[in-house]
Each structure stands twice: as structure tokens, then as C-alpha cells.
Amino acid sequence: MKKLVYLLILIMGIAACETIIDLDIQFDDKQMAVSAIFWDQRNPGDSTVCVWVSDVLHPLAKNTSRIILTDAEVSLFENGQFVENLQPIIRYKQEYNWQNNQIDTIKFGYFKSHHPLTPGYSYKITANRPGKKEVTHFYIHPPRVIPTSVKLTNPEKGEVTITFDNPKGIQQFLVSLKSSTNRTEYFSSIDPHFQIFRSSNLDDSEDEPGAPVVGRYGILYDKNSQPRSQQQFTFYIRDFDSQNLSNYSVEFGAVSESFPLYIASYLAFINSENTLSTQPEVIYSNASKGLGISMGLNTGNYNIQP
Amino acid sequence: MKIKNAIFTVLMAFGSFMSYGQRPGRVTLAGFVSDAKSAERIVGVNVYVPKLNTGTITNNFGYYSLSLPRGKHTVVFSMVGFKSQQMELNLERDTLINVELLEEITELDEVLIVAEKKQAEKVQMSSIDLPMKSVKKIPMLFGETDLLRAIQYLPGVQSGNEGFTGIYVRGGSPDQNLILLDGVPVYNVSHLFGFFSVFNSDAIKSVQLYKGGFPARFAGRLSSVIDITMKEGNMRDFSGEGSIGLIASRLTIEGPIVTDKTSFILSGRRTYLDLLTQPLISLQSGGARAGYYFGDFNAKLNYILDARNRFYLSYYGGIDRFYFRDRLSSGFQTQTLEGGLQWGNNTGSLRWNHLFNNKMFVNTTLNYTRYRFLTSFEEKHSINTEQNFSAKFFSFIQDFSIKTDWEYSLNKNHYLRFGVISILHDFRPGAAEVKLNLVNIDSVIDFSKRIRAIENGLYVEDEITLNSRTKANIGLHYAQNFVNRAFYHSLQPRISGRLMLSDKTSLKASYVMMQQYIHLLSNTGIGLPTDLWVPATDRVRPQIAHQGAVGASYSLSSSYEFSAEAYYKHMSHLIEYKSGASFFSTTDWQELVYTGGRGWSYGLELFAEKKLGKTTGWIGYTLSWSWRQFAEFNNGLPYPFRFDRRHDVSVVLTHKFSERFDIGFTWVYGTGIATNIPQGQFATLPIEFWDFREPLYINPDMIKVVEHYGPRNSFRMPPYHRADLGLNFNKTLFRGIQRTWNVSFYNLYSRRNPFFIYIDYSNQGNPDRGVYKLVSLFPIIPSISYNLKF
């Protein structure tokens with residue numbers, strides 16, 4: 001029905017005059033966008049900081065395949081002290097070029113660090129490249145929240161409850177469930193203080209029968225969260241296999257304030273039909289200088305106790 | 001017993017209050033002023049006593065009341081467009097004098113000079129009376145005289161977009177305007193998605209716009225009051241006027257039912273684009289019918305019971321309808337598909353004017369108003385009737401209200417107004433009716449719960465004369481609102497004052513607080529029929545505004561007036577649709593909105609007007625800023641309101657070359673609309689694959705390129721400017737019938753004003769980049785209409 005309303009407007013539009021105009025969009029070709037993720041090591045060798053540097057192209061440019069920049073200098077600072085320049089990890093891919101009918105080799109990649117992160121410390125990332133303006137991010141690593149228990153509270157329903165103390169009134173958490181065999185579902189019933197921000201599939205293959213690894217993630221955002229003890233979060237595992245509890249594990253911890261803001265904006269962006277006549281969804285950016293996002297997690301893996 | 005005592009105390013207090021003004025040495029002169037030709041009462045007539053330098057203005061019912069010392073006085077009754085009347089009166093007791101003014105086209109009048117100075121003396125600031133005669137001279141799109149479009153030419157009032165009648169007053173949104181037709185709110189004031197207003201100018205007597213400094217008698221909206229009064233109907237002769245235009249025709253007839261006792265007015269308008277285009281549509285689509293039209297009907301009955309009692313019964317009905325119907329035949333079976341969109345207002349009011357005595361006038365009103373939007377689809381089969389199916393989606397808001405307004409001339413220093421209003425709001429924000437024969441379904445589903453709310457108001461205001469140079473209007477409006485389990489109430493102070501620096505110059509200041517218990521949910525902010533009126537609830541709080549203004553006015557002569565006003569307005573508890581939400585949703589609207597928004601606007605308005613002579617008109621300029629702030633948008637930072645307009649200029653001129661030929665000219669300029677267009681593209685982290693550590697992180701397919709928009713509403717569309725010209729060729733035919741040929745040119749120099757912009761990637765000139773394309777709606781549009789007045 002909504003389309004019917006816009007049909008009339010379209011009819012008017014067709015009857016209207018169309019003019020190609022040259023809009024002064026004040027495009028700044030010296031910009032870069034930097035996306036930085038801070039994450040505790042879960043496995044030896046895992047990066048703790050991953051940085052992705054992107055060029056900012058003209059808004060109407062059609063070819064964006066070379067948008068990733070690998071030749072920038074990306075530096076990490078901890079509490080104001082220089083730590084190191086991040087190591088570029090470079091990969092190549094080949095892409096067919098329709099304009100010259102040739103195969104192009106495109107360089108892409110990211111920058112990483114293994115520097116251990118300390119909760120409460122402030123970190124700074126700077127990215128520089130000749131001809132481009134510096135991009136700067138500031139980030140404070142969130143504290144580790146260790147559950148007092150992760151228990152199977154109702155085996156028939158597959159109900160799992162995470163209990164933890166929250167003396168600092170942290171408001172943003174990540175919860176994920178890993179299962180080696182089962183299809184899983186959770187966040188269908190939660191602590192009333194929590195709001196689900198996102199539950200996402202790790203992998204679309206999970207719906208295929210016999211899919212070996214399934215993971216689901218959720219960001220929980222509780223804007224009214226107060227310091228309190230024994231805060232709880234409950235979720236349900238669909239098709240729960242109570243005989244093989246060891247197949248399941250839970251990842252749980254605090255995330256930075258920017259994390260749910262970015263995710264909400266990203267989801268809104270990809271789900272919207274951004275047109276020039278409506279208010280667009282805008283990707284959240286928290287760079288001090290330039291564009292991009294810095295966000296982080298401090299999580300741990302926990303087995304579910306019977 | 002306690003109740004009896006309380007009633008007695010109140011009556012005693014009221015009695016002493018009523019007798020307070022009866023001091024020896026002073027008398028009250030009161031009465032009604034009407035048009036000598038039609039006996040129709042005139043709004044806004046200056047009633048002035050030059051010797052005492054005091055006066056008043058007739059209210060919406062032509063009533064005036066003036067406290068004067070006993071003795072001889074010269075009283076002048078004057079109004080632009082009427083011959084002034086000067087009366088020598090020897091007032092020894094309270095006197096009721098009804099005055100009739102003769103219509104006259106005055107170019108310069110000495111008496112008027114005196115009277116017109118009094119306009120600058122009005123305590124009310126941020127208010128403009130718009131004479132309908134001037135409105136009719138302003139050139140308009142397709143030659144259709146449009147009241148709201150004329151209001152857009154005033155400083156502090158901005159139009160939304162090309163062609164639209166949406167009104168944005170001092171940074172407010174369209175839902176914050178209280179638009180009253182004979183005292184009844186009209187919720188949707190536009191036809192054809194905003195290209196025309198619903199008010200048929202032939203049926204309108206007067207219009208007054210308040211942008212701030214609202215008197216306490218008005219409440220319920222934050223940003224403006226547009227008080228429109230319909231004509232009453234000629235008490236003495238049958239008369240009428242009509243017009244045949246390119247897209248619409250209209251006809252108005254008025255006359256006495258019983259001379260000087262009862263009169264009527266009927267006025268109708270309809271577009272006929274659908275009738276003209278129907279044959280083409282049928283030809284192209286093999287018999288299908290489709291079309292669009294809008295129409296209005298105004299009616300009013302005016303009955304004088306006696307010298308002190310008068311009744312008015314008025315009705316307005318308007319409709320916009322887009323329809324289609326198609327028949328498909330296969331074998332013996334015929335399938336009929338039909339549907340469309342339909343929306344419109346219905347309003348009605350019954351008013352009783354009663355003059356208790358020379359000092360006290362009361363108007364009591366029963367009102368009804370409804371705005372309804374309906375979209376429907378129906379499929380019928382001639383044989384397999386079990387496959388018949390129909391679906392409707394509709395929403396409406398309707399109000400029933402009762403109001404009583406009292407005016408009391410206490411003494412020479414105090415003119416009191418007080419009153420009570422009670423409104424029952426009935427909101428049905430979204431419901432569907434589905435009929436499906438196959439599974440025997442016939443039901444109505446309310447996607448959003450139907451909500452009823454009661455809004456009550458009580459006000460008192462006093463126009464105080466502090467000394468010969470200083471006047472003030474001080475009032476209080478107490479409002480309360482019951483909705484669901486929530487109860488809101490507020491005490492809203494209204495203060496405005498005026499200080500005469502000299503006979504020609506005055507300073508004015510005002511402060512008002514307003515509260516609004518309804519919201520409008522809009523995707524576009526331009527006023528589409530699908531916008532939903534919803535109430536403040538226990539989850540969505542009422543909107544509140546505080547506005548302060550200071551100004552000065554200067555009368556150079558009887559003809560020229562200048563004014564300047566600066567204002568600051570703060571609004572809170574604004575709401576906006578969440579991303580992707582729209583009117584057509586199965587979710588309760590309260591789940592679809594962000595609440596707690598703030599807004600503030602400030603600016604300077606300059607206004608120069610020439611009222612008399614062959615050339616009349618005005619020049620208005622507004623310098624303004626308007627901001628919004630929601631925690632959920634723009635990282636919680638303030639951003640410009642979409643219709644924030646830094647500069648807004650309007651020039652309105654009419655010139656009478658002779659009795660047979662006059663012209664109207666307008667020119668407008670406005671800073672471009674604040675909007676969003678991409679200012680770059682960059683790669684960001686996709687969260688569909690959001691275990692960002694190796695090895696997934698380096699997956700090249702993860703690259704997600706997104707647009708960079710910059711801060712919300714940070715891009716400005718090109719400025720809007722346009723000139724219109726109207727030529728009127730007048731002639732008096734037989735028996736006093738006047739005909740006018742009107743030739744209009746909308747967008748005289750064919751400026752390609754921005755309507756919207758889109759990106760076209762099929763750019764042939766540069767294969768690496770797309771281009772922005774701008775769609776402008778109207779080039780130069782010439783039109784012609786034939787008007788008759790008899």
C-alpha cells in the first residue's frame with residue numbers, strides 16, 4: 001500500500017523536469033578511514049589489535065576494488081607511550097577488469113599487533129600515509145567480567161544462566177555460544193535489564209543438516225545498568241543435547257561502548273534503503289581525527305556447568 | 001453544606017468581580033461592527049477614541065467593548081477596505097452601538113491615518129492579519145488562490161519544498177501548527193500531497209497568524225496558530241462568486257434566508273483532471289479506469305435570535321481520492337479489481353454568541369473534527385465468488401470538543417478573557433479490515449491500539465493598560481491530559497507587553513510556554529496523507545516549547561509599517577520514526593519511534609509593509625537557525641533541522657493600474673533544504689562475519705564499502721527562488737456582475753528549483769563515476785482562469 005502512495009509521487013516525478021547538475025559536495029580526497037579492533041588473545045598467536053585502513057573514494061566512484069590501503073604507517077600507543085608500528089599482513093586477489101578485459105591483481109590486507117592489552121589502559125592508533133591526513137583513534141580497554149557461574153538451569157528447555165558480579169555497572173556485553181553439533185537458539189528470554197542488540201550467525205551453513213560448527217553472538221546493551229552483584233543473563237539452546245554438555249561453550253565478557261553503537265548503525269545501514277530523499281542511516285564513527293571505528297572486547301571462554 | 005458554602009463564596013466573588021468595573025464616572029461602549037452591504041460581521045476593526053488615545057479591535061465575531069469616561073466622545077471605526085465612520089457620542093450610561101461600515105477602496109484617508117497608527121499599538125506581537133483581498137491578488141500555481149501559500153510569504157514562515165503547502169513556523173514542524181477553521185482544528189490541510197491547501201478562499205472571511213506571543217486562549221500546539229474564519233453569508237442580498245480554472249472550478253453562493261435574521265453560504269470546489277485524462281487512460285489500458293481528484297465543500301448557517309444572541313452552524317468536508325478499476329474477462333468469468341487511496345477532513349461546529357451586557361460577551365462552541373486516511377483493494381469474481389477478497393487499511397483521528405470563551409471589559413485598564421475547553425480525542429493510528437470469502441474471514445485488526453484521550457483546558461488572560469504608553473497581556477493556561485494510565489498537566493504562562501517610545505515607535509516583548517499532547521509521525525516531514533496523528537501516552541511524553549521574543553515596530557506613515565522581531569524557541573520531547581519504520585506497519589506505533597528529542601531555533605524577522613495606495617504589498621526577510629537533537633541520531637550531536645533556512649526572503653506586490661487592470665507579483669528566495677548526500681565511500685568492518693581475528697578477517701569478500709554522509713543534514717540543496725506574476729483583467733458586466741480574467745505565470749523565469757536529487761550511475765560522460773541528477777518539479781507554468789462575482 002505504501003508503494004501506492006509513492007506511485008502518485010512517481011507519476012508527478014515523471015512529469016517533472018530533470019536536470020543534471022554539478023553539486024559541490026566538497027569531496028576531500030585526503031581522507032582515510034581506519035577500523036580498529038582490540039581483542040584479548042583467546043589462543044596463542046592471536047592478534048590483539050587488528051587495523052584495517054581504507055581510502056575514502058569519491059561518493060560516485062564506481063570502482064572500489066582498490067579501496068584498501070596496505071602502505072600506510074599504523075602505530076600503537078599505550079597510555080601515551082609508543083609501543084610499535086603494526087605489521088602489515090598483505091594478501092592478493094585477482095579480479096576481472098571489465099574496462100580493459102584483463103585480470104587485475106589487487107593488493108589488500110590489514111595491520112596487526114600481538115601486544116597484550118590491559119583492562120583500563122588507554123590506547124591510541126594513528127595511521128599515516130603520504131598525501132593523506134592522519135587518522136587517530138583513542139580506545140580504553142574494558143575490564144574482564146568473570147562469571148561466578150555458567151549453569152544449565154533447565155535441561156529440558158536448554159536454559160543456561162550466566163551469573164556475574166557487575167560492581168562497575170558495565171553496560172555492554174558480548175555473549176556467544178559455540179556448539180560442535182547442534183543448531184542453537186538463544187536470547188529468547190533474558191534478564192529484564194538487558195536489551196538484545198544483535199544476535200548474529202557466524203556462518204549461514206548452520207541451517208544445513210549436519211553443519212559441524214555453529215556459533216551465535218549477541219551484544220547486550222543495558223543503558224540503565226547499575227553497579228550490582230549477581231547480575232544474570234539467561235538464554236535457551238534450541239534442540240539441546242543434554243547428553244553432550246561438553247559440546248557447548250560460552251564466550252562472555254565486556255565490550256567497549258562503541259561496539260553496540262557501531263553494530264546498530266551498521267545493521268541499520270545495510271537494512272535501509274538509503275535514498276537521497278529520506279534520512280540516511282549513517283555508519284557510526286568515533287575517530288578523533290578522520291573516519292572509522294575503534295572498538296574492543298575483553299572476553300573469556302567458559303564451559304557450561306550441569 | 002460545604003459544597004453550598006463553596007458555591008456561595010464563588011458566586012459572591014464573581015458578583016463583586018462583575019461589579020468592580022461599575023465605577024461611577026465611567027461607562028462602557030460596546031456593540032458589533034458589520035459590513036453594510038452584507039450585514040456580515042467584520043473582524044479586526046479598529047475602534048478608536050483619538051482624544052483619549054485609546055481604542056480596541058473587534059474580535060472574531062465583530063464584537064467590541066470599550067470603557068470610557070462619561071461625556072462626549074468622538075469614536076472612529078476603521079478598517080482597511082472600508083470607509084471609516086466617525087461618530088459623535090454623548091455617553092451617559094452603558095451604551096450598545098452596532099455599526100455598519102461601507103466597503104470602499106481607499107487610497108488615502110485622513111481618518112484612516114489616525115486609526116492605522118493603532119495597529120502599531122497592538123499588544124499582540126508575532127501576529128499578522130492577512131486580508132483575503134490581498135490573498136486573492138497573489139499569483140498562484142495553476143491560478144488557484146491559496147491561503148496557506150500566501151501565509152508562506154510572511155516572515156518567520158517557511159515552505160517545505162517546491163510546491164508544498166507545508167508550514168514551518170520559526171523552526172517548528174507542521175504538526176505544531178494549530179490551524180482552526182471557525183474554531184475547529186483541521187488536521188490535514190493539504191490536497192494533492194501538499195500542492196494545494198484545503199481552504200477554499202471564496203469561503204474565507206479572515207485569517208490571523210500567530211507565530212509567538214500566543215494569548216492564553218490558544219493552546220495545544222507549539223509553533224503557531226492560524227485562525228481562519230469562514231464567511232457568515234450575506235444577510236441582505238443573494239450574491240456569489242465562481243471560477244473556472246485549468247484544473248479546478250469553484251462556486252460560492254450566499255444569501256439571506258430571512259433578511260437580517262438568517263443567512264447561509266455554500267461553497268464548493270472540485271478538480272477535474274481525472275475527467276480530462278480518463279479517456280486517455282482507458283484507451284491506453286484497454287478499458288481500465290484510474291484517476292485522481294480533490295474537492296471541498298463549505299457550508300454555514302447564521303441565525304440571529306435577537307440583539308444579544310446569535311448562532312452559527314458551520315461544516316467543512318474535503319476529500320482527496322486516487323482510484324483505479326479494471327475488469328478482466330476469461331471465458332464466462334469476469335474478475336474486477338478496484339482500489340485506491342482516499343483521505344480527507346470533516347469538521348463541524350455549532351457556536352452560540354451571547355452578549356450578557358455591554359461588558360460581557362461569551363461564545364460557546366460545540367466542535368467535531370475528523371481526519372481519515374483509507375487505502376483499499378478489492379478483487380471480485382463473477383462466478384467463483386468464494387475467491388472474492390477485499391482489504392482496507394485505515395487510520396483516523398477525531399475530536400469532539402466543547403469550549404466556552406468569555407470576554408469581559410472590567411474597566412479602562414483591564415480587558416479580561418477566560419474560558420474552558422474539553423476535548424475528547426479518538427486516535428486510531430492503524431487498522432486493517434480484511435474480507436476473504438474462501439476461508440470466511442471478515443475481521444478488523446488494530447495494529448496500533450485505538451486510544452482515547454481527554455484534554456481539558458482552563459485559561460484566563462488580562463489585557464492590562466499600565467499607562468498611556470505601556471500595555472501588557474498576561475495570561476495563564478492550565479491544561480491537563482488523561483490518556484491510558486498517564487496523566488499530564490501543565491500551567492503555561494503567557495506574557496506579552498508593549499511600550500510606546502513615541503507615537504510611531506513601539507517596543508514589544510513576549511514569553512510563552514506551550515504544551516502539545518499530540519504528535520505527528522512522518523517519514524518525510526513534508527506532510528503526506530499517510531502521516532499519522534498519535535497521542536502522547538504513558539510511553540511518549542507531550543511536546544513542550546518555551547518561546548521568547550523581542551521586537552520593535554515603526555509606522556512611517558499611515559501606509560508604511562516596519563517591524564523587526566528576534567525570537568528564541570526551545571522544544572522538548574519531540575519524536576521521530578525509527579529507521580525503516582513507516583505508517584504501514586503491523587507493529588504498534590509506540591515501538592516505531594524514538595522519543596526524547598530536543599529542538600531549538602532562533603532568528604530575526606524583518607517586515608516592511610505598504611498597506612494603502614495603488615501599490616501595496618510587503619517585503620519580508622528572515623534570518624534563522626533551527627536545530628534538532630536525538631540521542632539515537634548523529635552520535636547524539638545536534639544537527640540542523642531539515643527545514644533550517646538561514647535566509648528567507650519574500651516580496652509580495654500588487655499594483656492597480658486601473659479599475660480594469662491590476663497585477664500581482666511575488667518573489668521568494670530561500671536557503672536550500674538541509675539534507676544528506678554521500679560525501680565519500682570507505683571500507684568498514686562487516687559484522688556478518690564478525691570474528692575479526694585471523695583467518696576470517698583477511699577474507700577479501702569481507703570488504704564492505706559504505707557511504708560516508710558526514711553529520712546529519714550537513715548538505716545544502718541549491719537555494720530556492722522563484723517569481724510569479726498574475727495579471728487580472730476586470731470588467732463589470734450587466735447588473736453589477738464583475739468578471740475577472742486571471743492570467744498567471746508560476747515560476748516566471750523557469751528556475752529549476754530542487755525537488756529531489758538522485759544518483760545515476762549510467763553516466764555516459766564519465767564511465768568511472770555516476771552523476772547527481774536533480775529533479776525540479778515545475779518550469780514556468782502559465783495558467784488562466786475565469787472568475788465571476790455577482
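Predicted model: local features only at pLDDT ≥ 70, side-chain atom pairs only at ≥ 80, totals over all residues.

Visitor: Okay, which residues is B:Phe324 in contact with, leaving aside its neighbours within four places in sequence?

Guide: With those neighbours set aside, B:Phe324 touches B:Ala288, B:Arg289 and B:Ala290, plus B:Glu338, B:Gly339 and B:Gly340. B:Phe324 itself is part of strand β22 (residues 309-330) of chain B. Helices (H or I, at least four residues) and strands (E, at least two) here are DSSP runs numbered from the N terminus.

Visitor: And why does B:Phe324 count as partly exposed?

Guide: Because it has 19 C-beta neighbours inside 10 Å. Buried takes 20 or more other C-beta atoms within 10 Å of a residue's own, exposed means 12 or fewer, and partly exposed is in between, with C-beta atoms placed from the backbone.

Visitor: How far is B:Phe324 from B:Phe377?

Guide: Their C-alpha atoms are separated by 9.4 Å, and the two residues are 53 apart along the chain.

Visitor: Let's zoom out. What are the domains of chain B?

Guide: Chain B has domain 1 (20-120) and domain 2 (127-676 + 783-789); bounds like these come from an automatic or database domain assignment. Taken over C-alpha atoms, the centres of these two domains of chain B are 31 Å apart. Domain 1 of chain B puts 33 residues into the contact, and domain 2 of chain B puts in 33 residues.

Visitor: Which elements supply the domain 1 side in chain B?

Guide: β1 (26-35), β4 (63-69), β7 (95-96) and α2 (110-120) of chain B each give at least two residues to that side. The largest share, six residues, comes from α2(B). By class, that side of domain 1 of chain B holds twelve nonpolar, 13 polar and eight charged residues. Nonpolar covers Ala, Val, Leu, Ile, Met, Phe, Trp, Tyr, Cys and Pro, charged covers Asp, Glu, Lys and Arg, and the others, Gly among them, are polar.

Visitor: What about the domains in chain A?

Guide: Chain A splits into domain 1 (32-141) and domain 2 (149-258 + 298-303). Five residues of domain 1 of chain A contact four residues of domain 2 of chain A. The domain 1 side in chain A has two nonpolar, one polar and two charged residues.

Visitor: How many helices and strands in chain A?

Guide: Two helices and 17 strands. Of the 306 residues in chain A, 37% are buried. Among contacts in chain A with a separation of 6 or more, 69% join residues 24 or more positions apart.

Visitor: Which residues of α2(A) are buried?

Guide: A:Phe259, A:Pro260, A:Leu261, A:Tyr262, A:Ile263, A:Ser265, A:Tyr266 and A:Phe269.

Visitor: Now sheets. What's the order of the three-stranded open one in chain A?

Guide: β10-β11-β15 (chain A), with antiparallel pairing; strands pair if DSSP finds at least two bridges between them. β10 (149-154) and β15 (228-236) of chain A each have a single partner strand, so one side of each has no neighbour in the sheet. On average, neighbouring strands of this sheet are turned by 30° against each other, direction ignored. The axes are lines fitted to C-alpha atoms, for helices over the stretch in contact, and angles run from 0 to 180 degrees between N-to-C directions.

Visitor: How many bridges join β11 to β15 in chain A?

Guide: Seven, with strand β11 (residues 159-166) of chain A running antiparallel to β15(A). Within that pairing, A:Ile162 has A:Phe233 as its bridge partner, and A:Thr161 has A:Thr234. On β11(A), the covered face is A:Val160, A:Ile162, A:Phe164 and A:Asn166, and the uncovered face is A:Glu159, A:Thr161, A:Thr163 and A:Asp165.

Visitor: Anything on the turn between β10(A) and β11(A)? What is the phi of A:Gly158?

Guide: A:Gly158 has a positive phi of about 70°, in the turn of a hairpin with four residues between β10(A) and β11(A). Five bridges link these two strands in the antiparallel sense, and A:Ser149 sits opposite A:Thr163 in β11(A).

How values were computed:
Residues numbered from 1 in each chain as written. Chains lettered and ligands numbered in written order. Contact = placed C-beta atoms within 7 Å.
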